[in-house]
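Here are my notes on this model for your reading. Keep the structure open beside them and take the points in order.

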Amino acid sequence: MSLVEIYDAYDVGTVRALEERAFDTVGADALMQRAAHALALAVAREAVSLCGGVYGSTIIILVGPGNNGGDALFAGARLARRGARVTAVRCLGTPHARGLAALRAAGGRLIDLDDLGLDPAARIQQRPAADIVVDGVLGIGGRPGLPEPVALLARACRDWLVTTIAVDLPSGVAADTGAVAGDAFAATRTVTFGVAKPCHLIEPARGRCGEIEVVDIGLDPAPSEDDRAGSGSGRWLRQVQTDQLAAYLPYPDAGSDKYARGVVGIDTGSDTYPGAGVLSTYGAVHSGAGMVRYLGADVPRALIRERLPNVVFSPGRVQAHLVGSGWGDRPDGAAVLARLLGDGLPTVVDADGLGHLPARVPATWLLTPHAGELARLLGEDRSWVTEDPVRAVRAGVEKTGATVLLKGATQLVCTPDQPWIDVALPGPAWTAQAGSGDVLAGICATLLAAGVRTPRAAAAAASLQAYAAHRNPGPVPPQRLAELMPAAIARLQSRRTRQLDEIRRSEWTG
Ligand SMILES: NC(=O)C1=CN([C@@H]2O[C@H](COP(=O)(O)OP(=O)(O)OC[C@H]3O[C@@H](n4cnc5c(N)ncnc54)[C@H](O)[C@@H]3O)[C@@H](O)[C@H]2O)[C@@H](O)CC1
Ligand SMILES: Nc1ncnc2c1ncn2[C@@H]1O[C@H](COP(=O)(O)OP(=O)(O)O)[C@@H](O)[C@H]1O
Ligand SMILES: [K+]
């Protein structure tokens, strides 16, 4: 998976509001023609790379009953005019009339799904006979899931690794939540219009999109508060970019001392689970803390003393706390958190600490649950969290008052009084292993101790771990990944220096 550089994503209701406004100014037909043009270009590029050109390539256009199919049919007409052999397949309902007329006028034809000869009883389907399949079955008007005959075709395309270009989104995924409850297409590339939608940023739907291309068709890329409010859910997600990550990290300068860089106080791990104490301390030390004080249990203390001689074990001044990872069943957990609340310092509460939270905590506190922990905190099933992680992370903030980093394949950061949710850079699935979360909690605490605002620290920490993992692919254990963090930070610092040079140069010449 590549690190996609998309920025904002909005829910379907907001996108509809943007489209309504564009209808008034640009007109619906023009919008569809722009969408079809961009889609045809993307398919043509693929045809050039697969077949050496558009002329003579074989393209199947899968069409449903809505405008998504309309986009696909108009794109098919453009490709047919360039000499592609284009066959539209009616998958659901009645195809877009003008789109179909345009395709036929350009020499394309329409067949029924049944005519493809897929056999529901066959163990292995035949390969759909096309160089490229365009998925125009369902777009933002689609309900999640696919009726069985279409699902069969989606599976055949996936099993045969047929190059598939999704129009707007892979049919079958849930646009607003990123859930993939039933069958869905798995695209090589998704061409989406105007702005990205949540399914382009949230797993598992994100993984079905392939490369994502957001094309400008004349929608306002910045919805107003009214546009968002009108949608009911008003979901607004912002994907962290590598450049932003480079800008968010704190870098020391000649005037820095250990206090300027930040002192982290850590009480994690237990004699039963000492590893969590070691790993969270590794995370803090290797992400650039000025000093780390380990104030937890005896067994982890001894292990840390052996491995990290720079860690201090006496209480004293700290600028951020980290608690909870590997606590197990800790009888004084609630008392520890109540005492920290009185301190007024930014505090990371991870894992077992989440079971001891005071009723309300400030937004400078950062909770770092995975889906199961957030479900427990909210008194819901885990599936309630995974089927709609945006809803869940918002509920976590509402219930506690804290900033919440929901961990997992997609990592979301939500904080009170900020209308959008940050989406961290996605990491490789190798990061999904015991101990990754402990290291991440340590990185969060280091950024907080350096004075980075809580939501920004959370988004940057999760993105930094993903960035480091991307640069060191494979089954790298979490302690080793922590040790690779300094090289990743150095690279990001160079990137930041180049960014600032460029800004200065453009100010000079501008
Ligand atoms: N509105 C606009 O301004 C633009 C829209 N565009 C395209 O239009 C799409 C949205 O079009 P529509 O609103 O027509 O919606 P869709 O094309 O997604 O289709 C909705 C239709 O499919 C049916 N349907 C939904 N889920 C189903 C399911 N699971 N099984 C069977 N039938 C199902 C619905 O009953 C409805 O008739 C966008 O995704 C985009 O591709 C583009 O043309 C760009 C401009
Ligand atoms: N599918 C995935 N792809 C990439 N990273 C993942 C995935 N699932 C989990 N992660 C990473 O693994 C970490 C796991 O955290 P957590 O479950 O708390 O582990 P632990 O508590 O054992 O340390 C998350 O922070 C995230 O960075
Ligand atoms: K589609």
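Two residues are in contact if their C-beta atoms, placed from the backbone, lie within 7 Å. Keep that cut-off in mind for the touches listed below. One caution before the points: this is a predicted model.

1. **Val 43 and its contacts.** Start with Val 43. Leaving out residues up to four places away in sequence, Val 43 touches Ile 59, Ala 75, Leu 79, Ile 132, Val 134 and Ile 165. Two of these, Ile 132 and Val 134, belong to strand β5 and point one way from it.

2. **The largest nonpolar core.** The largest nonpolar core holds 161 residues. Val 43, Ile 61, Val 134, Val 264, Cys 444 and Ala 445 touch the most other members. Domain 1 (8–239) and domain 2 (253–498) each supply at least three residues to this core.

3. **Strand β5.** Look next at residues 132–136. Is this strand enclosed or open? Ile 132, Val 134 and Gly 136 point one way. Val 133 and Asp 135 point the other way.

4. **The partners of β5.** Which strands does β5 pair with? One is β2 (residues 58–63), joined to β5 by five bridges, and the two run parallel. Within that pairing, Leu 62 has Asp 135 as its bridge partner. Another is β6 (residues 163–167), which runs parallel to β5 and is joined to it by four bridges. Here Val 134 stands opposite Ile 165. Both Val 134 and Ile 165 are on the contact list of Val 43.

5. **Around ligand 1.** The shell here has 25 residues. Gly 66, Asn 67, Asn 68, Gly 139 and Gly 141 come nearest. By class, the shell has 12 nonpolar, nine polar and four charged residues.

6. **Around ligand 2.** This shell has 16 residues. Those that come nearest are Ala 409, Thr 431, Ala 432, Ser 436 and Gly 437. Which helix gives the most? That is α16 (residues 436–449), with four residues. The classes are six nonpolar, eight polar and two charged.

7. **Two domains.** The domain assignment gives domain 1 (8–239) and domain 2 (253–498). Their centres, taken over C-alpha atoms, are separated by 39 Å. How many residues make the contact? On the domain 1 side there are 12, and they meet 11 residues of domain 2. Strand β9 (residues 236–239) gives the most to the domain 1 side, with four residues. That side has six nonpolar, two polar and four charged residues.

8. **Asp 267.** This residue is found in strand β10 (residues 263–267). Buried or exposed? Asp 267 has 23 other C-beta atoms within 10 Å, so it is buried; the cut-off for buried is 20 or more. Beyond its neighbours within four places in sequence, Asp 267 is in contact with Leu 295, Gly 296, Val 323 and Val 336. Ala 392 is 125 residues away along the chain, and the two C-alpha atoms are separated by 27 Å.

9. **Backbone details to check.** Glu 203 and Pro 204 are joined by a cis peptide bond, with omega about 5°. Pro 204 lies in the loop between β7 (189–193) and α6 (205–208). Leu 161 has a positive phi, near 50°, and is not a glycine. Leu 161 sits in the loop between α5 (148–159) and β6. Asp 168 also has a positive phi, near 70°, and is not a glycine. Asp 168 is in the loop between β6 and β7.

10. Leu 161 counts as exposed because it has 10 C-beta neighbours inside 10 Å. Asp 168 is buried, with 28 other C-beta atoms within 10 Å.

Definitions and conventions: Residues numbered from 1 in each chain as written. Chains lettered and ligands numbered in written order. Predicted model: local features only at pLDDT ≥ 70, side-chain atom pairs only at ≥ 80, totals over all residues. Near = placed C-beta within 6 Å. Nonpolar A, V, L, I, M, F, W, Y, C, P; charged D, E, K, R; others polar. Core = buried A, V, L, I, M, F, W, Y, C linked by C-beta atoms within 7 Å. Buried ≥ 20, exposed ≤ 12 C-beta atoms within 10 Å, placed from the backbone. Domains from an automatic or database assignment. Pairing = 2+ DSSP bridges.
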